Amino acid sequence: MSPPSRRLQTKPVITCLKTFLISYSLIFWFTGVILLAVGVWGKVSLEDYLRLSSENSTNAPYVLIGTGAIIVIFGLFGCFATCRGSPWMLKLYAMFLTLVFLAELVAGISGFIFRHEIKGVLQDIYVNALDTYNQTDSQSMAVDKIQEKLHCCGLTNYTDWKTRPYFEKNGIPKSCCKETTGCTTENLKDLQKAADVVFPEGCFLKVTKVMESNLGIIAGISFGIAFFQLIGIFLACCLSRYITNNQYEMV
């Protein structure tokens, strides 16, 4: 048993650590909300692009959604464990923070790596999507949404559709049309007439730019919040150690 004088000396230290850890846990809970929001935003904003490249896409948005939801729950647990001053709860909290740190690193690295591999894989994927385009499957629907959203047509320009099987029967897809007026099958089958009614720019560079930008944001936020967990791990371990070594009791 530690002498009373020593316990009185360590009490302010423990109180200080508890104050910092409670404040950290509240901030930690808020970062969970941020991660959840960023994951949902990434899923929604990249949905068409991820569906287009489903076999080679990143899981970063899904990792962030799952991690964010769990953080919201365990952030509250961290506040409870700190208020109770329970060493085993604090150790469990520190262990959870370590797992969250690793999960966010995985999400950040996944988004960062895929961001720099986009140009290498996206062109082949997009070419295949144009070759198999039929307006009904998920890849074709993704192509339509991309062309409508980014105001583009084909891979490098609208003439890319001329060599596709779909063009022979239907011409250029209507998702390439600037407006519905004049966007007839007759005009879409004639490249000269189509030049006046469809978007002239290709989609490849635009899609690459959007994905690089959005995945860069996801990776940056993941790395930033991940290293923030190290503070919580340090505080939780220190508080648990002080409480155990000095036999501190809550009154």
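A nonpolar core here is a set of buried Ala, Val, Leu, Ile, Met, Phe, Trp, Tyr and Cys residues joined through side-chain atoms within 4.5 Å, where buried means under 20% relative accessible area, exposed over 50%, and partly exposed in between (1.4 Å probe, protein chains only). The model is predicted: local features need pLDDT of at least 70, side-chain atom pairs count only at pLDDT 80 or more, and totals for chains, interfaces and linings use all residues. Residues are numbered from 1 along each chain as its sequence is written, and side-chain values use heavy atoms, with hydrogens and water left out.

**View 1. The largest nonpolar core has 55 residues.** Leu21, Phe28, Trp161, Ile172 and Val198 are the members that touch the most others. Helices H1 (4–45), H3 (60–84), H4 (87–131), H5 (138–150), H6 (165–170), H8 (191–194) and H9 (204–246) each put in at least two residues; helices (H or I, at least four residues) are DSSP runs, numbered from the N terminus. H4 gives the largest share, twelve residues.

**View 2. Here is Trp161 with its contacts.** Skipping neighbours within four places in sequence, Trp161 is in contact (heavy atoms within 4.5 Å) with Leu130, Tyr133, Val143, Gln147, Cys153, Gly154, Phe167, Ile172, Pro173 and Cys176. Two of those partners, Cys153 and Cys176, turn up again as a disulfide.

**View 3. Cys152 is joined to Cys203.** A search of the whole structure turns up three disulfides (pairs of cysteine sulfur atoms within 2.5 Å). In this one the S to S distance is 2.0 Å, and with 100° about the S-S bond the link is right-handed. Cys152 sits in the loop between H5 and H6 and Cys203 in the loop between H8 and H9, so the pair ties together parts 51 residues apart in sequence. Both cysteines are buried.

**View 4. Cys153 pairs with Cys176.** Their sulfurs are 2.1 Å apart, and the torsion about the S-S bond is about 90°, so this disulfide is right-handed. Cys153 is in the loop between H5 and H6, while Cys176 is in the loop between H6 and helix H7 (185–189), so parts 23 residues apart in sequence are tied together. Cys153 is buried at 0% relative accessibility, and Cys176 is buried at 0% too.

View 5. Counting bonded cysteines along the chain, the disulfides follow the pattern 1-6, 2-3, 4-5. Cys79 counts as buried at 14% relative accessibility, whereas Cys16, at 38%, counts as partly exposed.
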